[in-house]
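Subject: Structure for you to look at

Hello,

I am passing on the structure we spoke about.

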Amino acid sequence: MPSIVYLNGEFLPITQAQVPVMDRGFLFGDAVYEVIPFFNGVGFRLEQHLQRLQYSLDAVGITLDLDWKTLFSQLLNVNPGTHQAVYLQVSRGVMPKRSLRYDEDIVPTVFAYSYPIQLALGGDLAQVAGVTAVTVNDQRWGRCDIKATGLLANVLAIREAHQRGVQEALLVRQGYLTEGASCNLFVVEQGRVYTPLMDSHTLAGTTRSLLLELIRDAGIECIEQPIAVERLQQADEIWISSSTRGVLPVVQVNGEAVATGTPGPLWLNVATLFQQFEQQMLTEHETSR
């Protein structure tokens, strides 16, 4: 049975959903998006995702007033899956001809669909093998803080990583790490956790912000600062984070093992805290029903 999607006020089978070829999201990548995990129907850091969505909409000048929570609830209810992720995309809309200029009263195109996912870090943490990665030149545009759909540079970075036989690309701009192709980045040195500063070259990850809270609440020192790519070679641990993957250890970079080449003890500590946060979120939801 085809999944049900939302498109401009309608819920319909995905096979029937169509967007005009003159939509500016298709022609220019003039669109923003969010990916929000829902575990047992509970939006993971939902408020933070909605805040980032509004930030992106404001940054590109798209005005929209929708009840996102109701939309997501309705979408999840008509699609199967205990745990689902919602992909939401808002483009500026359709114009009669291809032009960089657009009318101020243009109506945005809103599309959303959901798909089944696993609970991030839901299993035995001892079974997590870790991720292999390579460093790749960061060729993205200058406003990576906007969650925009123009992801060709990200696609090429992951393509390069896969061609080199690894899973993730760690992006480097002018000698400094920014983030992964679809994740944020953490480096551990002598018991301290470091992560790149948030600026126009990095996306403020919702899971990143949660990890900063968990790390600091646990009394672990966490420092946001520029991180030179050379520091990867001496790192005790390297992690990546995203909403659907949680926090994962990177065990190899550019063919060289990170420390012992196995998930490190501080990652296990923080991953356990993350796992406990997830379980508490689900428990609170069940008791409030």
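Helix α2 (residues 46-60) and helix α3 (residues 68-77) have axes that come within 12 Å and cross at roughly 120 degrees. The crossing in which α2 passes α3 is right-handed. On the α2 side the contact is made by L46, E47, L50 and L53, and on the α3 side by W68, K69 and F72. Sorted by class, this contact of α2 with α3 has 5 nonpolar and 2 charged residues, and no polar ones. Please keep in mind that this is a predicted model.

The other item is the largest pocket. Its volume is about 660 Å³. The lining of the largest pocket consists of 31 residues, and those that lie nearest its centre are Y33, K147, A181, S182 and L203. Which elements give two or more residues to this lining? They are the strands β3 (31-39), β9 (176-180) and β13 (237-242), together with the helices α4 (152-163) and α5 (206-217). By class, the lining of the largest pocket divides into 13 nonpolar, 12 polar and 6 charged residues.

Regards

Terms used: Residues are numbered from 1 along each chain as its sequence is written. This is a predicted model: local features need pLDDT of at least 70, side-chain atom pairs count only at pLDDT 80 or more; totals for chains, interfaces and linings use all residues. Side-chain values use heavy atoms; hydrogens and water are left out. Axes are lines fitted to C-alpha atoms, for helices over the stretch in contact, and angles run from 0 to 180 degrees between N-to-C directions. Helices (H or I, at least four residues) and strands (E, at least two) are DSSP runs, numbered from the N terminus. A crossing is left-handed if the near helix is turned anticlockwise from the far one by less than a right angle, and right-handed if clockwise. Contact means heavy atoms within 4.5 Å. Ala, Val, Leu, Ile, Met, Phe, Trp, Tyr, Cys and Pro count as nonpolar, Asp, Glu, Lys and Arg as charged, and the others, Gly among them, as polar. On a 1 Å grid over the protein atoms alone, a cavity is a set of points where a 1.4 Å probe fits but cannot get out, and a pocket is an open set with protein on both sides within 12 Å along at least five of seven lines; lining residues have an atom within 4 Å of a point. Grid points are joined across faces, edges and corners, and a volume is the space filled by probe spheres set on the points.
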